[in-house]
Amino acid sequence: FSRYLFNSLLSSALVVFATLYISLNAAYVLSKKRFRGKNALFALNTAALMFVPAAVKIPRYLLVQQAGLLNTFLALVLPMLAMPVGLFLIKQNMDQVPDSLIEAARIDGAKEYRVLYTIVAPVIKPALVTVAILAFQSAWNNAEYSQLYINDDSIKTFAFYMSSLTSAVGNTVAGQ
C-alpha cells in the first residue's frame, strides 16, 4: 500500500512541476516572441485538444516502447507531460499581460528568465494553479499507465492498486 502511494505522490509531483515548467516556457515563447511558424504551432496545439485519449493510446504506447521506457518509472511521467489544455490556458492568460510591463523590465536590465519567472508568472498565477490542479488530477487518477507500461509491482501507482482492489471485490461478489 505505502509503495503504491509513494509512487503516485512522486509521479504526480514530477508531472505537475514538469508540466508547469514546459507549459510556462512554451506559452511565453508563443505569446511574447515573434518568429515564423508561431501561429502554426499554436494551431497544432489547439488541434491536439480535439483528440480523445483513446485515439492516441496506441501511438503513445509505441513511442514509450521505442524510447525503451517500458517497465520504468519514467513511463508513468513522460507521457503525461504533453498537456495541450495547459499550454492553451497559460498562453491565453499570458496574452493579457501588457508588453509594456515586459519592456520596462528589460529596460531595467532583466534577462528573459527573470522577466518570465518574477514578472509574468506571478501575474498569471491563477492559470498556473489551474494547470497544476489539472495535471495533478490526471496524474493521480491514471491507472492506465501502470496497466499498460509497467509489469513490476514496485513501480505501479495507487490508482492501479485501488482499481485492482475494486475489480477483485467485484469479481468476488459476482462469483457468489
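Colleague: How many salt bridges does the structure hold?
Modeller: This is a predicted model, and the structure in it holds 6 salt bridges.

Colleague: Which side chain does Lys32 meet in a salt bridge?
Modeller: Lys32 meets the side chain of Asp99, with a distance of 3.0 Å from N to O. Since Lys32 belongs to helix α1 (residues 2-32) and Asp99 to helix α6 (residues 99-107), the pair ties together parts that are 67 residues apart in sequence.

Colleague: Is Lys32 buried or exposed there, and what about Asp99?
Modeller: Lys32 counts as buried, because its relative accessibility is 16% and the cut-off for buried is under 20%. Asp99, in contrast, is partly exposed, with a relative accessible area of 44%.

Colleague: And what does Glu144 pair with?
Modeller: The side chain of Glu144 meets that of Lys57 in a salt bridge, at 3.8 Å from N to O. This pair links distant parts of the chain, with Glu144 in helix α9 and Lys57 in helix α3 (residues 57-66), 87 residues apart. Glu144 counts as partly exposed at 28% relative accessibility, and Lys57 is partly exposed too, with a relative accessible area of 34%.

Colleague: Which residues are linked in a network of salt bridges?
Modeller: Lys33, Arg106 and Glu112 are linked in such a network.

Colleague: Switching to rings, how many aromatic pairs does the count come to?
Modeller: The count comes to 10 aromatic pairs. One of them is formed by Phe42 and Phe88, whose rings are stacked, at 5.7 Å centre to centre and with 10° between the planes.

Colleague: Where do Phe42 and Phe88 sit in the chain?
Modeller: Phe42 is in helix α2 (residues 38-48) and Phe88 is in helix α5 (residues 84-94), so that the pair links distant parts of the chain, 46 residues apart. Phe42 is buried, with a relative accessible area of 17%, whereas Phe88 counts as partly exposed at 29% relative accessibility.

Colleague: What lies over the face of Phe42?
Modeller: Lys91 does, at 4.5 Å from the ring centre. Lys91 also forms a salt bridge with Asp95, where the closest N and O atoms are 2.8 Å apart. Lys91 is buried, with a relative accessible area of 10%, while Asp95 is partly exposed, with a relative accessible area of 32%.

Colleague: How are the rings of Tyr145 and Tyr149 arranged, then?
Modeller: Tyr145 and Tyr149 form a tilted aromatic pair, at 5.1 Å centre to centre and with 35° between the planes. They are separated by about one helical turn, because they are 4 residues apart in helix α9 (residues 144-149). Tyr145 counts as buried at 4% relative accessibility, and Tyr149 is buried as well, with a relative accessible area of 2%.

Colleague: Which residues form one aromatic cluster?
Modeller: That cluster is made up of Phe1, Tyr4, Phe136, Trp140, Phe158 and Tyr161.

Colleague: New topic: how many cavities of 30 Å³ or more does the count come to, and how much space lies in the largest cavity?
Modeller: The count comes to 1 cavity of 30 Å³ or more, and about 60 Å³ of space lies in the largest cavity.

Colleague: Which residues line the largest cavity?
Modeller: The lining of the largest cavity consists of Ser11, Val15, Leu76, Met80, Ala139, Asn142, Tyr145 and Thr157. These lining residues divide into 5 nonpolar and 3 polar, with no charged residue among them. Tyr145, one of the lining residues, is also a member of the tilted pair with Tyr149.

Key: Residues are numbered from 1 along each chain as its sequence is written. This is a predicted model: local features need pLDDT of at least 70, side-chain atom pairs count only at pLDDT 80 or more; totals for chains, interfaces and linings use all residues. Side-chain values use heavy atoms; hydrogens and water are left out. Rings of Phe, Tyr and Trp (its six-membered ring) pair if their centres lie within 6.5 Å; planes under 30 degrees apart count as stacked, over 60 as edge-to-face and the rest as tilted. Helices (H or I, at least four residues) and strands (E, at least two) are DSSP runs, numbered from the N terminus. Buried means under 20% relative accessible area, exposed over 50%, partly exposed in between (1.4 Å probe, protein chains only). A charge sits over a ring if NZ of Lys or CZ of Arg is within 6 Å of the ring centre and within 35 degrees of the ring normal. On a 1 Å grid over the protein atoms alone, a cavity is a set of points where a 1.4 Å probe fits but cannot get out, and a pocket is an open set with protein on both sides within 12 Å along at least five of seven lines; lining residues have an atom within 4 Å of a point. Grid points are joined across faces, edges and corners, and a volume is the space filled by probe spheres set on the points. Ala, Val, Leu, Ile, Met, Phe, Trp, Tyr, Cys and Pro count as nonpolar, Asp, Glu, Lys and Arg as charged, and the others, Gly among them, as polar. A salt bridge is a side-chain nitrogen of Lys or Arg within 4 Å of a carboxyl oxygen of Asp or Glu.
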